[in-house]
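Hi there,

Here is the structure I promised to pass on. Have a look through it first, and my notes follow below.

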Amino acid sequence: MNQLESFPVLYNIIKNKIRHPYYARTVELAKDYKAHSTGRGIEDKLRQYNRTQTDEDFKALKEITVFINKSITSNLTYPYYRIPRSPGITTKFSVPDETNDDLFNSFLKTFYREGFERYMHVRIKDLIETDPNTWLIVDFEGTDGTTYPVPYVFESPSKATLMYEYKNQILDYLVNENEIYLIDENGENKEVETYTIYTYEGAIKITEQPDDMNYPKIDNIDNFKIPGNSFTFNIETNSYVVYIPLPYNLSRVPAMPVGYIQDKLTDGNTFLNIYDNCLPWLEKIIKVNSEIDVTMCKHAFPQKIQQVERCRNENCQMQEDGFYYTDWPMRVKCTSCAGTGVMPTHSSGLDVIYIPFPDTGVFTDMANLDNIVKYVVTPTDIPKFQKEMLEYYIEQCKKTQFNSDIFNKTSGSPEKTATESIIEIENIGDTLYPYALKYSEIYSFLLTMISEITKIDIDINCNVSKDFRLFLTKTELLGLLKASKDAGSPESIINSIQDNIALSMLGDSAEFQKYKFAKLVIPFAGKTKEQQALVLSQLSNTDDYYIRFVYGSDVIARLEQENPDFWLLTDEKKLEAFNAKIAEIKVNMPAKVQAYPTFSE
């Protein structure tokens with residue numbers, strides 16, 4: 001659909017209040033997700049049990065409860081912030097014409113209030129979490145032709161995305177509704193709607209007016225001839241102004257949804273957020289959370305019961321309102337007991353209750369103090385059970401989210417074997433891999449649109465390794481490596497951990513490529529020092545494995561010295577040169593069994 005063809009579509013959407021088939025579903029999901037992620041509106045998800053709770057009790061329950069879902073979802077989603085730093089994802093770009101490099105980067109700085117990189121690292125994750133059916137639209141400020149257009153990102157949340165349509169799996173158009181304020185004929189600000197339809201060729205914007213201007217109506221939209229790039233019309237008593245900017249002629253509609261987890265209820269036409277599978281557990285947490293707060297507020301505290309002396313004032317009498325008065329007609333409360341009917345007792349830890357000895361002087365007539373003051377302590381079984389259930393639900397949230405309990409470690413958790421730890425890391429990687437793909441896709445889309453709008457050519461390199469793994473810290477990886485070696489894990493697992501350590505330290509750099517080549521040609525990398533020594537002790541000094549292990553590093557260093565461009569060769573050429581040097585050493589090596597080298601830790 002081109003720019004002018006889109007006007008009848010937008011007109012009908014406004015006139016007939018048309019929405020895409022999944023509009024209500026996407027808006028409801030966004031409301032739920034934001035409640036769990038931000039805490040706003042979460043109290044509305046607390047259910048009232050009509051058989052046992054009055055409206056007043058339920059209102060009090062809401063006031064008492066401090067909801068914790070926001071903290072839980074924050075913990076569930078924080079690993080996604082690591083993805084841009086993961087060695088398994090590459091997102092780079094370059095400007096071939098160096099004279100435009102500074103200019104293009106200046107557009108990236110103004111693309112979002114905190115810059116393009118910040119937008120990708122933080123904002124994208126937040127959008128996928130709270131409203132995965134948000135659309136990213138790349139728009140730009142107009143130009144008179146003497147300056148560059150300035151692109152920026154415009155977010156169209158699910159509630160504002162009225163309609164869109166695909167043709168042959170390619171987005172044909174998208175319609176956004178936005179609220180603005182205009183001054184009406186009384187000089188007051190009035191909220192009105194502005195509608196924009198985006199196509200690959202250009203956009204059309206229609207703005208509602210604050211007053212009925214009695215513009216002409218469009219009788220037959222199918223035969224309507226567009227009179228120019230700006231005109232007016234009425235739908236009933238609502239007036240509208242149309243603005244058709246110059247075509248921008250892009251390769252595609254400059255819009256993309258942020259979500260990537262397809263919603264089965266809409267046959268994959270809309271998206272779910274990153275913790276949608278945890279919603280049943282999060283709903284359960286709301287109930288247990290409220291019950292714990294009620295228990296702590298109304299029951300889980302010592303209750304003091306004390307025998308006290310009645311008021312000594314002879315004129316103190318209880319009246320019909322339940323208080324004690326010395327002059328009921330004048331409503332004068334007893335000053336001795338403050339209207340309570342009993343004498344005051346101590347009110348702080350500094351006060352002392354004095355009990356005189358009995359007048360009889362007989363010791364056995366003394367009062368039993370245990371019968372005067374008693375503290376009733378609530379049994380701890382109930383709050384303990386509630387706490388355990390809450391912890392269990394939170395634990396299940398994390399297991400459901402990542403198919404792993406690696407984030408549930410506590411001081412009492414049993415140690416896992418290295419193999420179990422590797423499997424859990426792989427499960428986390430499998431969970432985050434689709435997000436990494438979407439991240440890469442959005443990165444490429446935004447840069448492509450910026451490039452097309454500004455007419456500055458760029459080269460984009462986006463790649464996500466199929467063996468995607470979460471970025472673990474060097475400390476985490478070293479601990480995992482030690483555990484693997486101590487447990488005698490298979491060499492393949494140790495090699496995998498060593499690769500991740502090298503990648504975390506070196507990144508996807510030339511040094512990492514050197515590491516990979518050395519590991520390819522030098523044997524026994526995954527074995528312990530003792531295992532290496534044992535194997536070498538049984539080999540001849542002319543054995544190929546022996547020579548590669550003992551002299552491999554020196555051979556690589558020599559190849560670098562002899563050919564400064566050695567690392568620019570293909571893998572086959574590098575391997576061929578290495579093998580030639582090993583063969584040369586082998587020919588010149590005296591044939592005798594050598595004692596294996598000693599290894600220092």
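Which residue lies over the face of Trp328, and at what distance from the ring centre? It is Arg331, at 3.9 Å from the ring centre. Arg19 likewise lies over the face of Tyr23, at 5.8 Å from the ring centre. For both, a charge sits over a ring if NZ of Lys or CZ of Arg is within 6 Å of the ring centre and within 35 degrees of the ring normal.

Before the rest, a word on the source: this is a predicted model, in which local features need pLDDT of at least 70, side-chain atom pairs count only at pLDDT 80 or more, and totals for chains, interfaces and linings use all residues. Residues are numbered from 1 along each chain as its sequence is written, and side-chain values use heavy atoms, with hydrogens and water left out.

Now the aromatic rings. A search of the whole structure turns up 30 aromatic pairs (rings of Phe, Tyr and Trp, the last by its six-membered ring, with centres within 6.5 Å; planes under 30 degrees apart are stacked, over 60 edge-to-face, the rest tilted). Phe111 and Tyr119 make an edge-to-face pair, 6.2 Å centre to centre with 90° between the planes. Phe111 and Tyr119 are both buried (under 20% relative accessible area; exposed is over 50%, partly exposed in between, with a 1.4 Å probe and protein chains only). The pair of Trp135 and Tyr164 is tilted, because the ring centres are 5.1 Å apart and the planes stand at 45°. This pair links distant parts of the chain: Trp135 belongs to strand S2 (residues 135-141) and Tyr164 to strand S4 (residues 161-167), 29 residues apart. Trp135 and Tyr164 are buried too. Ring pairs also join Phe7, Tyr11, Phe224, Phe231, Phe233 and Tyr240 into a cluster.

Next, a sheet. Three strands form an open, antiparallel sheet in the order S14-S15-S16 (strands are DSSP runs of E, at least two residues, numbered from the N terminus; two strands pair if DSSP finds at least two bridges between them). Strands S14 (317-318) and S16 (332-333) are the edges, each pairing on one side only. Strand S15 (residues 324-327) is joined to S16 by 2 bridges, and Asp327 stands opposite Val332 in S16.

Finally, the cysteines. There are 0 disulfides (pairs of cysteine sulfur atoms within 2.5 Å). For Cys337, the nearest cysteine sulfur is that of Cys316, 3.7 Å away. Cys337 counts as buried because its relative accessibility is 3%.

Best wishes

Methods: Helices (H or I, at least four residues) and strands (E, at least two) are DSSP runs, numbered from the N terminus.
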